[in-house]
Amino acid sequence: MSSYFLGVDLGSTTAKAAIVDENAALAASSVVQMGAVSRQGMRRAIDAALRHAGLRPEEITRIVGTGYGRRLVPDVDRTFTEITCHARGVVEWQPDVGLIVDIGGQDSKAITIDDLGLVDEFAMNDRCASGTGRFFEVLARALECEVDEIGGLALRGTADLEVSSMCATFAETEIVSLVAEGADPADIAASVHRAVTARILGLVALVGKRTPVVLTGGVAKNPAAIEFLAQALDTPVIVPRDPQVTGAFGAALLARDATAPSTRGEPLPLISATSSGADCSVCAGPN
Ligand code: ADP
């Protein structure tokens, strides 16, 4: 009989669940949108993953939680940071990865990976909305479109407009003004992507660029985010098939690693790291 392992990533805006079998193969995954971190959203994500895998809860051998709400995961056996889980997930998919850029709803991270597939250093921005999915959500709202439409729009932009505000609240005002002045929405979208990419480059500079580069998190589903980052880093950017579940997948693998030999030969460590220390006072506004 097969064994199954559950990883749950309770993020700031979404709950993700992934189930792997004893061979580290992904059996099922799910993403549930939440208003805020919620037990209900997490329950729905877990139930959906179990349903897709055709499993009952008692057939799960071990559970690992990650993300902001990792301690809320029911019956959790162990928790790990998102850094550890993203690294574990990406290394399974792309063993030679050098740099992981993870852009979620409210934070972004740059993580370097060493030759053994272990985390070397990371930098994180969780204080300022610029450089996160939230900035793109502000853009979508101001342009009155869906967040999954702005990438296609940005790829059609040509002019470089000034979107100087790094604060989401001020940037929204700036974008609305550009719309009112008759600027092309495609140019606005491209310019916002450029600004977010610049912020991500700042994070990458803190840990040092390495290749290959893998982009994870919900924002990795945005084709313009991929393209602009690839151009800015001057290297191809690899995106896993379902980038948003990378942390949950990594968590499920860590649950499996505890009972079986790691597919990487080495367990991943708990993290030690640097932080970018973003200072919101520089733009003196709410983010
Ligand atoms: P968190 O773990 O912080 O909750 P996620 O990694 O789940 O974040 O990413 C959520 C972000 O991904 C949101 O800002 C959302 O706008 C963005 N996102 C999700 N799906 C898409 C898509 N199809 N296109 C563009 N952005 C997306």
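A salt bridge here is a side-chain nitrogen of Lys or Arg within 4 Å of a carboxyl oxygen of Asp or Glu. The model is predicted, so local features need pLDDT of at least 70 and side-chain atom pairs count only at pLDDT 80 or more, while totals for chains, interfaces and linings use all residues. Residues are numbered from 1 along each chain as its sequence is written, and side-chain values use heavy atoms, with hydrogens and water left out.

**View 1. Aspartate 102 and lysine 109 form a salt bridge.** The N to O distance is 2.8 Å. Both residues are buried (buried: under 20% relative accessible area; exposed: over 50%; partly exposed: in between; 1.4 Å probe, protein chains only). Shared partners link Glu82, Asp102, Asp107 and Lys109 into one salt-bridge network. The structure holds 13 salt bridges.

**View 2. Strand E6 (residues 99–103) is covered on both faces.** Helices (H or I, at least four residues) and strands (E, at least two) are DSSP runs, numbered from the N terminus. Five of the five residues in E6 are buried. Leu99, Val101 and Ile103 lie on one side. Ile100 and Asp102 lie on the other.

**View 3. E6 pairs with strands E7 and E9.** Two strands pair if DSSP finds at least two bridges between them. Five bridges join E6 to E7 (residues 108–113), and the two run antiparallel. They form a hairpin with four residues between them. Isoleucine 100 stands opposite isoleucine 111 of E7. Four bridges join E6 to E9 (residues 213–216), here in parallel. Leucine 99 faces valine 213 of E9.

**View 4. Arginine 43 and aspartate 47 form a salt bridge within helix H1.** Their closest N and O atoms are 3.1 Å apart. Arginine 43 is partly exposed, at 35% relative accessible area. Aspartate 47 is also partly exposed, at 32%.

**View 5. Arginine 56 and glutamate 59 join in a salt bridge.** The N to O distance is 3.7 Å. Arginine 56 is partly exposed, at 47% relative accessibility. Glutamate 59 is partly exposed too, at 27%.

**View 6. Glycine 131 sits in the loop between strand E8 (119–125) and helix H3 (133–142).** Glycine 131 counts as buried because its relative accessibility is 0%. Leaving aside residues up to four places away in sequence, glycine 131 touches Ile103, Ser108, Val196, Arg199 and Ile200 (contact: heavy atoms within 4.5 Å). Glycine 105 is 26 residues away in sequence and 9.7 Å away in space, C-alpha to C-alpha.
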